[in-house]
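Colleague: Hi! Could you walk me through this one while I have it open on my screen?

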Amino acid sequence: GASIPKQYIKLMGLEIALHSLDTFLDCDVSEIVIVCAEEWQHIFKDHLEKRGSTKCTLKFTTGGKERQDSVRNGLAKITAPIVAIHDAARPLVTKEEMEKVVADAAEYGAALLAVPTKATIKQAIAVDDDFVAATPKRKLLWEAHTPQVIRSDLLRKGFEKAEKENLEVTDDVSLIELLGEKVKLTEGEYTNIKVTTPEDIAVAETILRERGYVSPE
C-alpha cells in the first residue's frame, strides 16, 4: 500500500490529482477550490507556478471528517453560480465530458457524469444477509462518476436539509435528490476510472498513452 494519499501518487510523471486539475484549467472556469490537507497544498502551488499565469482564481480549504463535510468546506469558498465537484482520484476525465455535464447542469440545475452499468447487479437482503433480495433492471442502472455539477444555491439548500434531518449521503447529487429535484444523467466515458490500486494505475497509463499523453518528466 502507498504511504501517501492515492491522489498524490505519480501517474506518468504527474501526481494523479494534477491530471484533472489541468483539465479543469483548460476549461473556462472562473474559480477552483482545492480541498486538501495543508501539508499537500505545495503540490498544487508548485504545479501552478510551472504552468504559468491562469485567469482562474485558485483557493484552498481543508477536508472534513466525511466526504460530505469536505464538499461543504469547498462550497463555502465558492462564489460562482454553478459548482462542479470532482474526485481527485479520477484523473482521466476529459474536457469534452466536463463541458457536456456543465451544459446539462446549466439547463437542468444538476447533472453528473455517469455510464450505463455493464454488469448485472444483485441487491442483497441486508448488509449482514448476503442472499439475493432482488435483481434491478440493468437497463435502468448507471454508475456514478464525477464531476457532479450543481447550481450552487441548490447545493446549499441540499446541505441545509441534510444537516437539519441528520442525513448522510455518499455522493453530491444525492443532496439534490433529497430535495425532490431532478438530476440529469450525462453519459460519460468508461475511461473516467477511479484510480485506487496499482492495477488501476496500469490501466490509466495505457489510456493516457493511447491519448498521446507525454510525461512532463
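This is a predicted model: local features need pLDDT of at least 70, side-chain atom pairs count only at pLDDT 80 or more; totals for chains, interfaces and linings use all residues.

Colleague: Great, helices then. At what angle do α1 and α2 pack?

Modeller: Helix α1, residues 16–26, packs against α2 at an angle of about 45°, and their axes are 11 Å apart. The two helices are therefore oblique to each other.

Colleague: And is that crossing left-handed or right-handed?

Modeller: Right-handed, as α1 passes α2.

Colleague: Which residues meet there?

Modeller: On the α1 side you'll find A17, L18, L21, D22, L25 and D26, and they meet I43, F44, H47, L48 and R51 of α2. By class, the contact of α1 with α2 has seven nonpolar residues, one polar and three charged.

Colleague: Nice. How do the axes of α3 and α5 cross?

Modeller: Helix α3 covers residues 67–75 and helix α5 covers 152–164; their axes come within 11 Å and cross at roughly 135°. So α3 and α5 are oblique to each other. In this case α3 passes α5 in a left-handed crossing.

Colleague: What are the residues of α3 and α5 that meet?

Modeller: From α3, Q68, V71, R72 and L75 meet L155, R156, F159, A162 and E163 in α5. That contact divides into five nonpolar, one polar and three charged residues.

Colleague: Switching to rings. How many aromatic pairs does the structure hold?

Modeller: There are three aromatic pairs. One of them is Y8 with W40, a stacked pair with 4.7 Å centre to centre and 15° between the planes.

Colleague: Where in the chain do Y8 and W40 sit?

Modeller: In distant parts, 32 residues apart. Y8 is in the segment before β1 (10–11), while W40 is in the loop between β3 (31–35) and α2 (41–51).

Colleague: Are Y8 and W40 buried or exposed?

Modeller: Both Y8 and W40 are buried.

Colleague: Which residues do the ring pairs link into a cluster?

Modeller: Y8, W40, F44 and F60.

Colleague: Good link! Now some single residues. Where does V101 lie?

Modeller: V101 lies in helix α4, residues 95–108. Its relative accessibility is 0%, so V101 counts as buried.

Colleague: What is V101 in contact with, apart from its neighbours within four places in sequence?

Modeller: With those neighbours left aside, V101 is in contact with A111, L112, L113, P147, V149 and T186.

Colleague: How about T94, where is that?

Modeller: T94 is in the loop between β5 (82–85) and α4. With a relative accessible area of 17%, T94 is buried, because the cut-off for that is under 20%. Beyond its neighbours within four places in sequence, T94 is in contact with T23 and R211.

Colleague: Last one: is V29 buried or partly exposed?

Modeller: V29 is partly exposed, at a relative accessible area of 24%. You can find V29 in the loop between α1 and β3. Leaving out neighbours within four places in sequence, V29 is in contact with F24 and C56.

Colleague: And what separates the C-alpha atoms of V29 and V83?

Modeller: The C-alpha atoms of V29 and V83 are separated by 9.7 Å, with the two residues 54 residues apart along the chain.

Colleague: Thanks, that helps me find my way around!

Terms used: Residues are numbered from 1 along each chain as its sequence is written. Side-chain values use heavy atoms; hydrogens and water are left out. Axes are lines fitted to C-alpha atoms, for helices over the stretch in contact, and angles run from 0 to 180 degrees between N-to-C directions. Helices (H or I, at least four residues) and strands (E, at least two) are DSSP runs, numbered from the N terminus. Angles under 35 degrees count as roughly parallel, over 145 as roughly antiparallel, 65 to 115 as roughly perpendicular and the rest as oblique. A crossing is left-handed if the near helix is turned anticlockwise from the far one by less than a right angle, and right-handed if clockwise. Contact means heavy atoms within 4.5 Å. Ala, Val, Leu, Ile, Met, Phe, Trp, Tyr, Cys and Pro count as nonpolar, Asp, Glu, Lys and Arg as charged, and the others, Gly among them, as polar. Rings of Phe, Tyr and Trp (its six-membered ring) pair if their centres lie within 6.5 Å; planes under 30 degrees apart count as stacked, over 60 as edge-to-face and the rest as tilted. Buried means under 20% relative accessible area, exposed over 50%, partly exposed in between (1.4 Å probe, protein chains only).
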